[in-house]
Amino acid sequence: MNLLLEIGTEEIPDWMIPDALAQMRTLFGPAESVVVDATSRRLVLRATGLAERQADREEYVAGPGLNAPPAAVEGFARKQGVAKEALEHREGKYGYTRKIAGRETRDLLAISLPELIGKINWPKTMFWGAKGSARFIRPVRWIVALLDDKIVPFEFAGVASGAESSGHRRLGKARFPVTFASYEQALRENGVILSADERRAKILSELPKDMRPDASLLETLVYLTEFPTVVTGEFEPSFLTLPSEVLSTVMRFHQKYFSIDDGNGGLAPRFAAVMNTSGDPAGLVQHGNERVLRARFNDARFFWDTDQRRTLDARVEDLKHVTFQAKLGNYYEKTQRVEGLVAILGGDAHAIRAARLSKADLTTELVKEFTELQGVVGGLYAKAQGEPEAVSTAVYDHYKPVSMEDSIPRTEAGQFVAIADKLDTLIGCFQVGLIPSGSKDPFALRRAAQGIVKIIVEANLNVPLRSYLRRDPKIEEFVLDRVRNYFRDFAYDEINAVLASGWDSLPDVRTRLIALQAVRPTADFEPLAASFKRIRNILKQANFTDTAPPSTSLLEDGPERDLYTDFHRIQNEIVTLPYQPALERIATLRPAVDRFFDKVMVNVTDARIRNNRLALLNAISTEFSKLADFSEIVIQTQETKV
Amino acid sequence: MDSYQQIIFKLKNYWAERGCVIQEPFDTEVGAGTMAPETFLRVLGPTPYRTGYVQPSRRPADGRYGENPNRLYKHQQFQLILKPSPDDVIDQYLGSLEALGINLTEHDIKLEEDNWEAPTLGAWGVGWQVMLDGLEITQFTYFQQCGGIELDLVPAEITYGLERLSAFLQGKDSVYDIEWTPGVTYGDVRKRDELQYSVYNFELADRDTLWKLFDLYEGEAQRLLALYPKAEQKERFPLLATYDQVLKCSNLFNTLDARGAISVTERVAVIARVRKLAVGVAEAWVDQSGVQA
């Protein structure tokens with residue numbers, strides 16, 4: 001049997017739709033034939049190949065004992081609706097096997113579908129009737145629920161399921177009947193393209209070839225519409241004197257327009273908008289959008305001109321009136337701390353100057369209007385006001401990276417300012433107890449810490465991050481967590497092994513990780529790692545803390561002295577080697593270690609000999625743990641011998 | 001081409017035909033039509049109500065001395081409350097645009113998510129901004145809470161931005177060029193206000209005096225709210241007058257804010273003070289309505 005479920009609503013926020021569809025599919029249950037679709041006004045689930053009813057089943061009912069009074073037996077038989085002779089005998093009792101007919105799928109769906117609708121989890125729900133009435137993301141206005149084109153009867157939020165859908169608000173009929181087979185076509189005739197893929201393809205095919213691709217804007221428009229059609233427009237080229245960052249932000253964030261490239265890396269004085277209708281025959285939509293954009297650009301120009309009346313340098317003082325955080329003072333104070341940090345990190349005069357100007361754009365009209373342009377506007381103003389390129393670029397970049405995917409600041413000055421700014425926020429917030437918990441991270445400290453890690457690693461900076469964390473175990477743990485996250489493409493036990501050997505230098509952590517990852521598949525490595533674990537355990541059980549080197553005179557000839565000799569040789573060889581060959585060389589110690597454990601008893605009664613053997617193991621463990629703590633490696637190929 | 005005032009007449013007529021009580025603007029300064037008691041208090045409680053009115057809305061920080069073609073210290077909203085919200089509320093709304101002569105088949109209309117929150121009123125709702133050819137012409141909200149109270153009947157609030165809508169209909173690039181009535185522009189009527197209030201709000205308003213006034217109005221509201229629980233005849237108690245004091249506080253807060261007299265930290269605290277008063281009035285209003293019912 002075929003099922004069609006359409007939940008007709010008022011306009012659902014576009015960004016919530018894909019997740020809601022995924023939930024519907026999961027909630028419906030494991031069926032391969034389930035298809036989910038949506039537009040801004042409908043969530044649709046279609047399933048094929050459903051059984052007409054559940055399978056029939058049998059249930060055995062035990063009755064009175066075989067020697068029970070006849071009246072009791074007859075009573076039992078009557079209750080089962082059969083003659084006494086039809087009863088079975090089992091385990092000393094009368095009984096009867098009842099046949100239970102499977103319930104019809106339609107009846108089951110009448111119960112499960114409204115439950116499914118109610119179980120969709122939305123970021124924010126509303127009610128639209130009386131207090132206590134059903135909640136959903138937006139008001140539900142109609143429901144289609146058809147099983148083989150017969151209505152599955154139920155109600156959700158006071159709306160009864162039926163067989164009539166509703167079309168596009170202007171291009172379609174308000175009510176029209178649908179069937180499973182005709183559904184998509186009926187929608188199409190009523191101005192609705194059901195498939196998101198088709199809407200996406202339609203937009204892409206109609207966009208000008210030189211538009212600047214913007215995947216997230218495209219997704220927004222796919223789910224903001226039922227029948228998308230691209231319309232292009234123009235703006236006066238004189239607006240191109242405004243920075244392209246400002247123009248594209250206005251177009252992207254405020255108008256949901258695509259920018260268009262001029263072929264030379266700049267913007268063309270054109271834009272592409274996506275309508276939720278089939279065309280613009282009278283040119284009114286184009287004209288209207290052009291008019292709105294002109295007003296927006298005029299505003300931006302007005303702000304730009306007003307802002308130039310006061311330089312960034314002069315605005316630094318104004319930051320005394322801009323609160324950073326109630327307990328952490330104002331942005332002027334933050335600026336001073338960041339300047340100091342940049343100097344400590346080793347920033348030059350340009351970097352320090354950039355730190356001083358970095359937050360001044362928070363007082364500008366343009367940033368108040370377009371907060372997403374903070375930093376960028378500062379950089380543009382610094383340039384316009386004659387600051388050196390190194391300064392303006394550093395200001396421009398200092399919020400970067402804004403995500404895991406975003407690039408890091410382009411210059412060292414920018415990198416230092418970015419690290420100092422984020423570090424100041426991170427440490428300040430932890431000190432006043434604003435520590436992220438669960439999904440709550442209002443000051444975006446995870447992103448800040450992640451950004452610091454990313455910059456240090458990718459710019460290969462000699463910044464001993466750990467030394468700036470105030471020896472605060474909470475901050476260290478928090479940052480370490482971000483380090484692990486940054487390196488999440490490596491195996492977790494390799495990350496553990498490398499971090500256990502220290503993380504003062506993050507570029508070095510990466511180098512060691514790459515080396516460890518390369519050496520791990522070699523034959524000797526994991527067995528040696530197992531031996532290291534054994535060494536660790538022996539040292540731990542013996543409570544051995546002496547750090548003196550083993551005495552060669554106490555070594556027994558044979559496996560013990562061989563191990564020492566090999567160790568000593570490798571120790572000398574690896575001093576000048578890069579990590580990977582060094583690790584490979586360390587792995588060659590394996591046969592000597594194995595022979596030692598085979599032939600030599602550590603726990604002998606002679607305390608001097610015992611301690612010397614422990615000292616040898618300790619020396620090996622200490623020396624070779626400088627790159628990675630091999631005992632952290634989880635052995636899969638061989639059982640650990642202890 | 002309809003003049004500004006004809007557009008208002010048409011909206012009033014359209015909604016009057018749909019059972020709305022059409023009123024004149026509320027006479028105390030407000031930042032939005034929502035704050036007028038016809039919305040803020042009427043949405044509370046279980047009694048259905050439909051009303052529409054033009055509300056001049058003062059936003060001191062948005063003043064631009066009459067120089068910016070799109071921004072105003074005082075703009076006018078057509079504010080509509082439909083309580084409870086009818087099932088076809090969006091169709092009715094779209095019908096009002098057609099009544100204004102907008103042929104919807106030639107235009108692009110989108111409802112884009114835009115949730116609304118008024119922290120000073122303890123009010124929030126969910127809804128959309130209505131985009132007509134890329135221009136936001138209406139704010140559409142299903143109220144959920146007001147004065148911190150979950151509503152008995154969810155109203156639809158429809159707020160038309162009259163200047164934007166008129167500029168769109170008349171094809172004007174500046175609000176000041178809108179034809180108010182033939183021969184008279186919006187600028188002729190309002191530009192002087194824009195200049196003078198910008199000068200006052202940004203340059204001449206005396207911070208100390210405004211703070212004193214704020215404290216006085218707050219004190220009066222607090223005094224009245226403290227009296228209400230003890231009032232012998234609650235139905236006589238002047239909660240509407242109490243609410244006036246709250247609105248005065250709200251406008252003074254906005255003016256102080258525009259004057260740059262409120263730091264970000266203080267801001268939160270002052271908003272909380274106004275909100276406390278608004279919540280107090282809302283709770284008393286619900287209680288009083290129960291007494292009367």
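Analyst: What follows covers the sheet in chain A, then a helix in chain B, then selected backbone features. The model is predicted, and local features are reported under a confidence threshold.

The sheet is open and has three strands, in the order β4-β6-β5 of chain A, with antiparallel pairing. Its edges are β4 (57–65) and β5 (88–90) of chain A, each of which pairs on one side only. From one strand to the next the twist averages 40°. Between β5(A) and β6 (residues 93–100) of chain A there are three bridges, and these two strands run antiparallel. Within that pairing, A:His89 stands opposite A:Tyr94 of β6(A). In general, strands of a sheet pair through backbone hydrogen bonds, either parallel or antiparallel.

Helix α2 (residues 70–80) of chain A lies across β4 and β6 of chain A. Its direction makes an angle of about 160° with β4(A).

In chain B, helix α7 covers residues 239–258. Its 20 residues, at 1.5 Å a residue, should span 28 Å, and the end C-alpha atoms are 29 Å apart, so the two values agree. Of those 20 residues, 15 are buried, so α7(B) is largely enclosed by the rest of the structure. After α7(B) comes B:Gly260, with a positive phi near 75°.

One joins A:Lys400 and A:Pro401, with omega about -10°. A:Pro401 belongs to the loop between α14 (389–397) and α15 (412–431) of chain A. Another joins B:Lys83 and B:Pro84, with omega about 0°. B:Pro84 sits in the loop between β3 (74–83) and α3 (89–99) of chain B.

Positive phi also occurs at residues other than glycine. A:Lys256 is not a glycine, yet its phi is positive, about 60°. It is found in the loop between α7 (244–254) and β16 (258–261) of chain A. A:Lys256 has 18 C-beta neighbours inside 10 Å and therefore counts as partly exposed. A:Asn460, likewise not a glycine, has a positive phi of about 55°. Its loop runs between α16 (445–458) and α17 (473–486) of chain A. Because 12 other C-beta atoms lie within 10 Å, A:Asn460 is exposed; the cut-off for exposed is 12 or fewer.

Terms used. Residues are numbered from 1 along each chain as its sequence is written. Chains are lettered from A and ligands numbered from 1 in the order in which they are written. This is a predicted model: local features need pLDDT of at least 70, side-chain atom pairs count only at pLDDT 80 or more; totals for chains, interfaces and linings use all residues. Two strands pair if DSSP finds at least two bridges between them. Helices (H or I, at least four residues) and strands (E, at least two) are DSSP runs, numbered from the N terminus. Axes are lines fitted to C-alpha atoms, for helices over the stretch in contact, and angles run from 0 to 180 degrees between N-to-C directions. Two residues are in contact if their C-beta atoms, placed from the backbone, lie within 7 Å. The expected span of a helix is 1.5 Å times one less than its number of residues.
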